[in-house]
Amino acid sequence: MGLSRVRAVFFDLDNTLIDTAGASRRGMLEVVKLLQSKYHYKEEAEIICDKVQVKLSKECFHPYSTCITDVRTSHWEEAIQETKGGADNRKLAEECYFLWKSTRLQHMTLAEDVKAMLTELRKEVRLLLLTNGDRQTQREKIEACACQSYFDAIVVGGEQKEEKPAPSIFYHCCDLLGVQPGDCVMVGDTLETDIQGGLNAGLKATVWINRSGRAPPTPSPVPHYMVSSVLELPALLQSIDCKVSMSV
């Protein structure tokens with residue numbers, strides 16, 4: 001790590017600044033209620049939602065050739081077909097998908113303490129939001145949590161040639177802010193993308209948000225720092241800058 005002070009912080013979005021996993025669970029619960037009350041699915045309702053969750057976790061598609069709405073409606077259609085059999089039911093699949101999606105977006109919010117932290121940090125350093133994922137999906141989340149005003153720039157992986165952990169997207173972020181990789185810190189919850197990407201690009205530091213407190217699996221990228229909440233970041237940045245002052 002270089003001897004310059006931190007000039008910029010890159011934040012991941014999902015499960016770093018907003019509780020995407022929690023919002024998704026709430027969406028699934030609404031779909032379970034719908035399937036049980038309106039369509040009289042009993043235990044099948046939860047099985048269908050579990051199957052969709054697995055399909056979401058394995059999702060892989062080219063952002064320029066695929067419509068995310070079609071992809072995710074198909075997840076629901078397949079899960080219903082696999083569980084209930086019978087004819088394909090696209091209409092029900094669409095109903096489930098849009099209920100899950102709208103509920104999820106309603107619960108994607110920036111907590112007040114996170115807003116306050118970002119506001120204070122931005123007085124000292126430049127802030128950038130760096131999120132992987134499909135353009136439409138990520139832009140809808142950004143809109144839903146109304147986080148645009150807290151950042152100097154926003155970069156969505158699905159709009160770039162490469163996503164995290166490719167160094168190129170980090171260099172693009174540096175160019176947008178007019179800083180060097182050695183001036184920047186990456187903060188995120190995913191070792192394989194956020195932390196590995198920050199290491200690949202030679203950033204000053206990487207900070208892993210590890211809510212569970214469990215040790216990282218081996219082998220995996222090793223972050224410079226680990227915290228249990230993004231709210232611990234301001235104190236950590238102060239200590240990083242203190243080390244620089246002492247070194248100088």
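Me: Which residue in β2 does F10 stand opposite?
Reply: A word on the basis comes first: this is a predicted model, in which local features need pLDDT of at least 70 and side-chain atom pairs count only at pLDDT 80 or more, while totals for chains, interfaces and linings use all residues. Residues are numbered from 1 along each chain as its sequence is written, and side-chain values use heavy atoms, with hydrogens and water left out. Strand β1 (residues 8-11) and strand β2 (residues 126-131) run parallel and are joined by four bridges, where strands are DSSP runs of E with at least two residues, helices are runs of H or I with at least four, and both are numbered from the N terminus. Within β2, the residue opposite F10 is L128.

Me: In the open sheet of six strands, what is the order?
Reply: Two strands pair if DSSP finds at least two bridges between them, and the pairing in this open sheet is parallel. The edge strands, each pairing on one side only, are β3 (153-156) and β6 (225-227), and the twist averages 20 degrees from one strand to the next. The order of the six strands is β3-β2-β1-β4-β5-β6.

Me: Which strands does helix α7 touch as it packs on the sheet?
Reply: Axes are lines fitted to C-alpha atoms, for helices over the stretch in contact, and angles run from 0 to 180 degrees between N-to-C directions. On that basis, helix α7 (residues 167-177) makes about 150 degrees with the direction of β2. Contact means heavy atoms within 4.5 Å, and the strands that α7 touches are β1, β2, β3 and β4 (184-188).

Me: At what angle do α7 and helix α8 pack?
Reply: The residues P167, F170 and Y171 in α7 meet T193, D194, G197, G198 and N200 in α8. The axes of α7 and α8 (residues 191-200) are 8 Å apart, and the angle is about 75 degrees. Angles under 35 degrees count as roughly parallel, over 145 as roughly antiparallel, 65 to 115 as roughly perpendicular and the rest as oblique, so α7 is roughly perpendicular to α8, at about 75 degrees.

Me: Is T103 buried or exposed?
Reply: T103 is found in helix α4, and, not counting residues up to four places away in sequence, T103 touches R26, G27 and E30. The C-alpha atoms of T103 and A23 are separated by 7.4 Å, although these residues are 80 residues apart along the chain. Because its relative accessibility is 6%, T103 counts as buried.

Me: Of the 248 residues of the protein, what percentage count as buried?
Reply: The protein has nine helices and six strands, and its C-alpha trace spans about 70 × 40 × 35 Å along its principal axes. Of its 248 residues, the share that count as buried is 47%.

Technical notes
Buried means under 20% relative accessible area, exposed over 50%, partly exposed in between (1.4 Å probe, protein chains only).
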